[in-house]
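Here are a few exercises to work through with the model open beside you. Try each task on your own before reading its solution.

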Amino acid sequence: MSTLPVFRWHLAPDGYATRRQLRARDLRPGGQDVAAQLERPRRRRGPLVAYLYRVDLAKPVRPMTPARWAALAKANTARRTCPQCRRDAGYVIPPSLGMCVPCAFPEPSESPGSR
């Protein structure tokens, strides 16, 4: 088992990129193992670590097919549908609430003797 080369922050040689940097170039790691890592020192805590992949071994991002677009639309619709009232909230339901805002915080109804 060999150890990974470790580079200081901003000092990685050309030919290495993080996942985000690969994605910005429309590439993906494509199954390759991590080739190196960056470390950014921090005070009083362990260093921040970023994993690097070789750009020459990266593969192009797979294109979105009509089926993948449909699955993504269905998943987003499910995230917007309130499980309580079954309506499309028009926004992604917050996981902390678990339901749309009107269901989570209903308006107090007027009682007949409240005037």
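## Exercises on the sheet and the charges

Let us begin with the strands: six bridges join β4 to strand β5 (residues 45-54), and the two run antiparallel. Please keep in mind that this is a predicted model.

**Exercise 1.** Work out the order of the strands in the open sheet and name its edge strands.

*Solution.* 
- Step 1: Start from the antiparallel pair β4 and β5, joined by six bridges. These strands form a hairpin with two residues between them, and Arg44 in the turn has a positive phi of about 65°.
- Step 2: Look for the other partner of β4. Strand β1 (residues 6-8) pairs with β4 (residues 36-42) in the parallel sense, over three bridges.
- Step 3: The four strands of the open sheet have the order β1-β4-β5-β2, and the pairing is mixed. The edge strands are β1 and β2 (16-17), each of which pairs on one side only.

**Exercise 2.** Find the residues that stand opposite Glu39 in β1 and β5.

*Solution.* 
- Step 1: On the parallel side, where β1 pairs with β4, Arg8 stands opposite Glu39.

**Exercise 3.** Identify the salt bridges and classify the accessibility of each partner.

*Solution.* 
- Step 1: Search with a cut-off of 4 Å from a side-chain nitrogen of Lys or Arg to a carboxyl oxygen of Asp or Glu. The count comes to two salt bridges.
- Step 2: One links the side chains of Arg54 and Asp56, at 2.8 Å from N to O. Arg54 is partly exposed because its relative accessible area is 33%, whereas Asp56 counts as exposed because its value is 55%.
- Step 3: The side chains of Arg80 and Asp88 also meet in a salt bridge, at 3.4 Å from N to O. Arg80 has a relative accessible area of 25%, so it is partly exposed; Asp88, at 47%, is partly exposed too.

**Exercise 4.** Which residues form the positive surface patch?

*Solution.* 
- Step 1: Members need over 30% relative accessible area and no salt bridge.
- Step 2: The patch is formed by Arg23, Lys59, Arg62 and Arg68.
- Step 3: Take Arg68, found in helix α2 (residues 66-80). Its relative accessibility is 39%, so Arg68 counts as partly exposed.

Methods
Residues numbered from 1 in each chain as written. Predicted model: local features only at pLDDT ≥ 70, side-chain atom pairs only at ≥ 80, totals over all residues. Heavy atoms only, no water. Patch = residues over 30% accessible without salt bridge, like charges linked within 9 Å, V, L, I, M, F, W, Y side chains within 5 Å. Areas by Shrake-Rupley, 256 points an atom, 1.4 Å probe, with all protein chains shown as cover. Lys, Arg positive; Asp, Glu negative; His and termini not counted. Charge placed at Lys NZ, Arg CZ, Asp CG, Glu CD. Buried < 20%, exposed > 50% of the residue type's maximum accessible area, 1.4 Å probe, protein only. Pairing = 2+ DSSP bridges.
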